[in-house]
Amino acid sequence: MPTRQRRGESAWAAPLMRSASAGAAFRPNRLLKQMLVLGLGFATSSLAAAAIAQTPAAPAASPVAQSGPPSPATPRETPRSGAAKPGDPLAAIDWLATPAPDAGLPGTVLLEPPVAGSARRPEVTVTPLASLVAPIGLVKPASTGLPVDLWRGSNAEALATLLASVPVRKSPAMQSLMFTLLLSETRPPVEGGERLLLARLDRLMDLGAPDPAQALAEQAGPTRSKARFKRWFDATLLTGDEQQACSALQDRPHLAPDYASRIFCAARLGDWPTAALLLEAAHALELVDSRQLDLLDRFLNPDVFEDAPPLRAPKSPDPLTFRLYETIGERRPTSNLPRAFAAADLRDIAGWKAQLEAAERLTRIGALNPNHLLGLYTERSPAASGGIWDRVAALQRFETALETGSAEAVSKTLPKVWRAMQTAQIETAFADLFADQLARIPLDGQAANLAWRIRLLAPTYETASHSPPSSQGRSAFVAAVAQGVPTQELARNGVEQAIAAAFAADSAAPRKLQRLLDNGQLGESILRAMQLFAQGADGNLGDLTDALATFRAVGLEDTARRAALQLLLLDHR
């Protein structure tokens, strides 16, 4: 009778079964052991079960022989202790529990002695989840002096609210501190880290710094969410680097902030058929606002609208709308737009006057390096007179006098250029640029007093404080602030008394901020101290003392001194 393959048996098992029925006694146990020794790992329990089920006690010649006594020519095998018994599971492999007969095979070889008795207990290291989150920032903690866990222990929503609302416009020291907090490499909280990152990006844009915002978004991964991509895309539109963002959008269309951005990016990448198709779909399905559709029509079909009248300018365009107006030749002025738009005027496509005005506006909030402003001021001769041209002329004349080293020439040009810088409210940038050179010019009289005040607004204020033009009156108190030792005896009014109280030996952070510091909430305590300083600068002298005392308590001594000096010397603020 031919041997049939059972369901569940592998194809390679059938020849083994046929050889068993052909004549020789089939011993599955020995065969399986040999297969295991040879490395055939496919001898599974299903094969063992099939072999045991089909193994006869002796080769059967006929149905009668199966029911009769065993043949003398074929002795019955002596059952072994490990053989399958009735009731045992068919998948039980008996020789696993029985020592194998000596078949000339080597026994088990231990590669190394047992080590269970000498094993040491493993050292378990506990790592907080917060430390596993990668820090995000553009400036290393070693440069800023702030710890990487600056935001530890604080609620992300509360931090986001503070970052968005703390006023810094009136104090260059607070502006610098805010940029330090936003750009320092810090680890976000375990919960709400995304909310804090978006708040940092939003405040950078609010301060007119799309370049740092773009860099921070790129470091964090701009394509990880639609919210991140939206902020990154807006920043690149204002910096002129939208090619990279559009390429990312082409690969991930689901990140598109709106339908108009897909049309713009398709055209920006040179895929005009796709852009035209998307525009027609937007028209048919009304996916885009009618005003923006008109703008996109002119963007994709400039020949059709060559003689058409200009479009009505929107009052508050978004970055994409602003760039679309720019591409069709109807560039909008940025003076009445949010600060971030001023960065677009720093590109070469803008006129010199627009670049100057944008540079002054961004320098005023601390978003532009003063050297960039100086480069624009000295780029060429003034084209006219009045307004910003007078400031350009005054600074160029002063710089020429400074280069000559003539004390007389500097004394004549310094007052005029200082008044020009006061008009633009960029005195600290001017001090950063020229304080060191002024220190080398031997001036006297009013020019010497003015030069000393300018030097106190620069980072080298402490050096300047040791050579005041007078050792009495206001000069004495200002010099003491620069050295960090103002006293009540030198103070002449309420503001000076509040500042002196903050620098007293027994000064300390207010109780509500000290509790934050005790909990390790350093970042939140700094933001709340900045809030107190803004209130103190507006006349609440108690808040002024608390803010300066808190800065000193957390190690921001330089910030405390510069903020106090600016409050005393920048009268218009």
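In the predicted model, Arg-492 lies in the loop between α24 (473–483) and α25 (494–502), where helices (H or I, at least four residues) and strands (E, at least two) are DSSP runs numbered from the N terminus. At 51% relative accessibility Arg-492 counts as exposed, the classes being buried for a relative accessible area under 20%, exposed for over 50% and partly exposed in between, with a 1.4 Å probe and protein chains only. Apart from neighbours within four places in sequence, Arg-492 is in contact with Gly-473 and Arg-474, contact meaning heavy atoms within 4.5 Å. The C-alpha atoms of Arg-492 and Gly-473, which are 19 residues apart along the chain, are separated by 8.2 Å.

Residues are numbered from 1 along each chain as its sequence is written, and side-chain values use heavy atoms, with hydrogens and water left out. As the model is a predicted one, local features need pLDDT of at least 70 and side-chain atom pairs count only at pLDDT 80 or more, whereas totals for chains, interfaces and linings use all residues.

Over the whole chain there are 29 helices and zero strands, and buried residues make up 43% of the 573 residues. Of the contacts with a separation of 6 or more, 59% are accounted for by residues 24 or more positions apart.

Two loop residues carry a positive phi. Most residues other than glycine have a negative phi. Glu-286, which is not a glycine, has a phi near 55 degrees and is placed in the loop between α13 (272–285) and α14 (290–300); with a relative accessible area of 68%, Glu-286 is exposed. Gln-425, likewise not a glycine, has a positive phi of about 60 degrees and lies in the loop between α20 (407–424) and α21 (427–439), where at 30% relative accessibility Gln-425 counts as partly exposed. Within helix α20 itself lies Thr-413, which is buried with a relative accessible area of 16%. Leaving aside neighbours within four places in sequence, Thr-413 is in contact with Arg-397, Phe-398 and Ala-401.

Phe-398 also takes part in an aromatic cluster, in which ring pairs link Phe-398, Trp-418, Phe-430 and Phe-434. Rings of Phe, Tyr and Trp (its six-membered ring) are taken to pair if their centres lie within 6.5 Å, and planes under 30 degrees apart count as stacked, over 60 as edge-to-face and the rest as tilted. By this rule the count comes to ten aromatic pairs. In one of these, the rings of Phe-229 and Trp-232 have centres 5.8 Å apart and planes at 75 degrees, so the pair is edge-to-face. Phe-229 and Trp-232 are three residues apart in helix α10 (residues 226–239) and are therefore separated by about one helical turn; both residues are buried. A ring also faces a charge at Tyr-325, where the charged end of Arg-332 sits over the ring, 5.7 Å from its centre, the criterion being that NZ of Lys or CZ of Arg is within 6 Å of the ring centre and within 35 degrees of the ring normal.

The C-alpha atom of Trp-232 is separated by 7.3 Å from that of Ala-213, at a distance of 19 residues along the chain. Ala-213 has its place in helix α9 (residues 210–220) and, at 3% relative accessibility, counts as buried. When neighbours within four places in sequence are set aside, Ala-213 is in contact with Leu-201, Leu-204 and Met-205.

Helix α6 (residues 156–165) and helix α27 (residues 522–537) have axes that come within 10 Å and cross at roughly 35 degrees, axes being lines fitted to C-alpha atoms, for helices over the stretch in contact, with angles running from 0 to 180 degrees between N-to-C directions. The crossing of α6 past α27 is left-handed, a description used if the near helix is turned anticlockwise from the far one by less than a right angle, clockwise being right-handed. Leu-159, Leu-162, Leu-163 and Ser-165 of α6 make the contact with Glu-524, Leu-527, Arg-528 and Gln-531 of α27. By class, this contact has four nonpolar, two polar and two charged residues, with Ala, Val, Leu, Ile, Met, Phe, Trp, Tyr, Cys and Pro counted as nonpolar, Asp, Glu, Lys and Arg as charged, and the others, Gly among them, as polar.

Helix α6 also contains Ala-156, which at 6% relative accessibility counts as buried. Not counting residues up to four places away in sequence, Ala-156 touches Pro-189, Glu-191, Gly-192 and Arg-195. The C-alpha atoms of Ala-156 and Glu-194, 38 residues apart along the chain, are separated by 8.7 Å.
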